[in-house]
Amino acid sequence: MSENVVHLHKPADSPPDGTAPTVLTVVPDAPPARPVPLWVRSGRAIKTGITHEKTRATVRAAARHSLYTFNGGRIVARRAWDGRTGARYERMIRAAEAAGNLEAAEEWEERLTRFRAARHHRRMDLLHSPVEAAKGVAVGAGMSIGVLVALGVVMAISTGHVGDVVTPLSATIDFIALLIRIVQVVWGPALTIGPFLALLALWSVGRKQHAAPAWALPANVRGSEGEPITPSIVVKALRDLGVPALARAIKEMGDAGASMLGPIRIAGCGVEVDVTLPSGVATNEVQNKRRKLAENLTRHEHEVFITIPEAARTVRLWIADSGALDEPIGPSPLVTDETLTANYKTGRAPWGQDLRGDAAELSVYQRHLLVTGLSNQGKTAALRALALWLALDRTVQFWIADLKGVGDWAPFDGIAKVLIEGPSDSHCIQATEMVEDAVEEMNRRIEAVRKDPSLVFEPLIVLVDEAQKAFMCPAKGEDGRPYGGAKATSRYFMAVREIHNQGRAVDVLMWQGTQDPTDQNLPKLVREGAHTRASLVVGTESQAEMALGAKAVNAGAAPHLLRQGLDKGTLVVASDGIAIPAGQSSITVRTHFIDDEPAAEIAARAKALRDGVATLRVIDRDEERDPLADVAAVIGDAARLRTDEVLKRLHALDTAVYREWNNGRLKRLLEEHGEEPKKSHGVMVVRRDDVARALANRDADGSASAAE
């Protein structure tokens, strides 16, 4: 029974002099909590006992050791049956027939015939053996008795006692009687202990073979993460894949299921094996169960790659060492070898490593390039690594539009002749006009080649990073044509298509990087125009097909199965410019990451090889242009430039402003500031010193006007 609580307090309206009486208040205590019913407490106790780790360990141990004994008996019985019959040979014959290896089947059939013949001879010998055995026993017994009697005679002659004649025979009889007594004593306990010894032997066989379910095995055996790949493990993984026809075929083959496997070869940080599937099993049935196969092999899904080689009904498995793909690869040779150079035509860019750990090198000669993938997965780094290598070939020109505009391509200031950086629609318009200028340059080269087929032009790489912004740009030009879009009216789309169609013939190449490909931000005609297609992780299989093509994905390319965030910089590449294993249509490459600081150092080496390239940094359209300053910018460090070259660079700088400019307009600009173009060797040129003097005169005039 609960007790009440007594509180002493003064009334709230008591006078401040403290004369108010103290009031006693009796507050009843809170009622006691209701007792938990017995059946609830019992249920909780039972649940706790059943789910306790000790209970689970005890159940696992009991099941494990019981199954060791039972399955050990099955193993011994099967071994005995195989030893006494031709079952083993018959399994081998079925396995060879299932694998289509008729020569092996004939060889095993011949072995089976020899085994049966030898067994027949043994059985025939047994028919005659009882009589022969009886004769042998009689002869042996007679000879033994004769020897013992002869020995007794010798003893009798030696000792002079006639009784010694039977002494050896009597001793032998006593010894046999002793053995019989020993057997009589031991026989009873042996009959009792014998079954336990037999069970112990069966348990030992089962334990050595781990003949129990995985859940019942000890923790150190269950945790087989990263165990070596052996033929039996691969066959068991395929058997448990959940493909009924495959499981039945392997069951018929028995232990000879390994005949499906080719040699297990070490391949980089993993192993590779070709599996010839039995009749009735399609390769895509194995491809579609990649995760289950990986888990059966005690690997994660990203550590198993399935491709389709040229051989019919064959899948090629590449299985990584556990955790190997999470280890970073080494630095790029561009960073470690300062003497490295590039050659656009014959060289190969050191892009990274394939899964086998071999160097993955890409040829960019006359190949348009498309790199795609989800955001923040290494797309710009992969593109920039190629461009940095190619920049070491001083003959290669770059026009770059970085529609992200966060400085990733800043090292190319002084290498690229055009550099656009920014994410706005204005920058997308400038990128579109840059690509259109490249089309004009391409057409000029084609026309020149028609007149003189021996002409050779410097390679021009037109690179647009975050190209999806250009495709999605809603702005329209003065003629009403949209800059973006995926239709024939789109200026960017049509310019890229024209370069894809004819650019490689005159070494005008289109490189694009885009994220999260769709039909809207990467039209089919554009993506299929790229000779080298590479994809980082994408969200769906349909996006993988957009990035690489249906043929590559159907043959095993799976960028949609890469891990977002964990497989940064890992590309699936489909190209004839990279060494791909025979029978495959793609290769997985882990690209070298070149950080901003080493990228700047590589760019500095590239600039040292070049003759002071003046990079045209296109500014935002909203800014007011300064034509004289622009002329100075396009001339750069050159002592002089032809007027037509100056006009071409001004046009590339801002097509909208300088579209209508010609030699006369340029001459008037310089005359306004006290200078004018002059001739050099009969050609009109603009001198850097003249422009600098004009700028100085303008600044001086402006200062004087301000002073007045």
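At what angle do helix 7 and helix 8 pack, and how far apart are their axes? The angle is about 135°, and the axes lie 8 Å apart. Helix 7 covers residues 231-239 and helix 8 covers residues 244-253. Helix 7 is therefore oblique to helix 8. The cut-off matters here, because an angle must be over 145 degrees to count as roughly antiparallel. From helix 7, the contact draws on Val 235, Leu 238 and Arg 239. From helix 8 come Leu 246, Ala 247 and Ile 250. Sorted by class, this contact has five nonpolar residues, one charged residue and no polar ones. An α-helix has 3.6 residues a turn, so residues three or four places apart point the same way.

Now step back to the whole chain. This is a predicted model. The chain has 708 residues, and 42% of them are buried. Its secondary structure comprises 24 helices and 20 strands. Consider the contacts between residues at least 6 apart in sequence: 63% of them join residues at least 24 apart.

Helix 5 comes next. It runs over residues 167-208. A straight helix of 42 residues would span 62 Å at 1.5 Å a residue. Between the end C-alpha atoms of helix 5, the span is only 54 Å. Where does helix 5 have its kink? The kink is centred on Ala 190 and amounts to about 40°. Buried residues in helix 5 include Pro 168, Val 205 and Gly 206. Just after helix 5, His 210 takes a positive phi of about 50°.

Two other residues deserve a look for their backbone angles. Most residues other than glycine have a negative phi. Gln 366 has a positive phi, near 50°. Gln 366 sits in the loop that links strand 8 (359-362) to strand 9 (369-373). Its relative accessible area is 14%, so Gln 366 is buried. Asp 516 also is not a glycine, and its phi is positive at about 50°. Asp 516 belongs to the loop between strand 13 (508-515) and helix 16 (524-527). Is Asp 516 buried or partly exposed? With 34% relative accessibility, Asp 516 counts as partly exposed. The limit for buried is under 20%, which places Gln 366 at 14% within that class.

Ala 534 has 0% relative accessibility, so it counts as buried.

The last stop is helix 2, residues 53-84, which holds Arg 64. Arg 64 is a charged residue by class, yet it counts as buried because its relative accessibility is 13%. Not counting residues up to four places away in sequence, Arg 64 touches Ala 212, Ala 216, Leu 217 and Pro 218.

Definitions and conventions
Residues are numbered from 1 along each chain as its sequence is written. This is a predicted model: local features need pLDDT of at least 70, side-chain atom pairs count only at pLDDT 80 or more; totals for chains, interfaces and linings use all residues. Side-chain values use heavy atoms; hydrogens and water are left out. Helices (H or I, at least four residues) and strands (E, at least two) are DSSP runs, numbered from the N terminus. The expected span of a helix is 1.5 Å times one less than its number of residues. The bend at a residue is the angle between axes fitted to the seven residues ending there and the seven starting there. Buried means under 20% relative accessible area, exposed over 50%, partly exposed in between (1.4 Å probe, protein chains only). Axes are lines fitted to C-alpha atoms, for helices over the stretch in contact, and angles run from 0 to 180 degrees between N-to-C directions. Angles under 35 degrees count as roughly parallel, over 145 as roughly antiparallel, 65 to 115 as roughly perpendicular and the rest as oblique. Contact means heavy atoms within 4.5 Å.
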